[in-house]
Amino acid sequence: MTAAKRKIDLNCDTGEGMGNEEALMPFITACNIACGGHAGSLASVAQVVSLAKEHKVKIGAHPSFPDEKNFGREFIPMPITLLRKSLLEQINLVATQCTREGVKMHHIKPHGALYNRCAVDKEYATMMVNLIREYFPETILYAPYDSVISKIAKGVVEVHFEGFADRNYNDDHSLVSRKEANAMRTDQEEILRHITHMLLDEKIKTIEGKEIDTRVDTVCVHGDSANAVSLLKFLHEKLGEKNLLKKVKNG
């Protein structure tokens with residue numbers, strides 16, 4: 001499929017304690033549900049799965065280092081076997097609720113520091129891919145283009161390449177650290193240009209001004225951003241006008 005014909009899912013992190021899920025569901029096609037690692041509980045998972053079912057939004061598990069204190073944004077040194085056990089428990093929380101609701105768990109997207117680690121570290125990436133292959137072989141992995149985990153997953157599990165609407169990139173495809181003042185994009189028109197550049201030109205302009213190659217199947221807006229609902233509403237409308245947004249949802 002050519003870039004000009006490619007359509008994307010618009011995904012959002014949910015169940016992270018913001019309480020805005022009901023407001024943002026009409027404007028997304030996929031959600032990533034926090035499942036007890038960095039945020040979330042059995043009750044919040046059940047609530048978001050039910051909302052996603054109602055709005056026919058694709059459902060994904062959003063596992064993390066078990067680290068509520070740092071919201072999963074810091075690397076936690078722990079035996080990788082214990083991390084794998086925790087991730088399996090987290091993902092099963094979403095999978096079990098999907099079974100109860102009679103809907104499909106569509107994808108798995110690692111969160112925060114785990115996402116970044118799997119993008120560059122072969123040991124963590126292999127652990128994540130093998131876990132999905134063994135326990136959730138029908139489930140899609142969301143991962144960055146040209147990342148270590150996407151290369152390891154090739155031919156093992158289906159991968160959808162993910163771009164970030166509201167984040168700036170470095171020349172090495174990594175996201176600018178949230179500790180930096182220029183980590184986030186906030187201007188809606190500028191964010192729309194950033195997404196269409198990724199989709200139509202298959203390029204990202206980094207903060208250093210370099211044009212790097214990319215490919216995206218799904219684009220994320222962070223649900224914990226103050227303007228998440230208004231930004232999603234704007235992007236849903238504009239990407240729909242450009243016929244770049246998938247219309248088929250879950251169910």
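**Exercise 1. Describe the lining of the largest pocket by residue class and by origin.**

Solution. The lining of the largest pocket divides into 12 nonpolar, nine polar and 10 charged residues. Here Ala, Val, Leu, Ile, Met, Phe, Trp, Tyr, Cys and Pro count as nonpolar, Asp, Glu, Lys and Arg as charged, and the others, Gly among them, as polar. The model is a predicted one, in which local features need pLDDT of at least 70 and side-chain atom pairs count only at pLDDT 80 or more, while totals for chains, interfaces and linings use all residues. Residues are numbered from 1 along each chain as its sequence is written, and side-chain values use heavy atoms, with hydrogens and water left out.

Next, take the volume, which is about 740 Å³. Of the 31 lining residues, Gly112, Tyr115, Asn116, Arg167 and Leu175 are the closest to the centre of the pocket. Finally, α4 (112–120) and β6 are the elements that give two or more residues to this lining; the largest share, six residues, comes from α4. On a 1 Å grid over the protein atoms alone, a pocket is an open set of points with protein on both sides within 12 Å along at least five of seven lines, a cavity is a set where a 1.4 Å probe fits but cannot get out, and lining residues have an atom within 4 Å of a point.

**Exercise 2. Contrast the linings of the two cavities.**

Solution. The search of the whole structure finds two cavities of 30 Å³ or more. The largest cavity holds about 60 Å³, and its lining comprises five nonpolar, three polar and one charged residue. Among its lining residues are Tyr145, Glu162 and His173. The second largest cavity, of about 30 Å³, has a lining of nine nonpolar, no polar and no charged residues. To that lining α4 and β5 (140–143) each supply at least two residues.

Methods: Points joined across faces, edges and corners; volume = space filled by probe spheres on them. Helix = DSSP H or I, 4+ residues; strand = E, 2+ residues; numbered from the N terminus.
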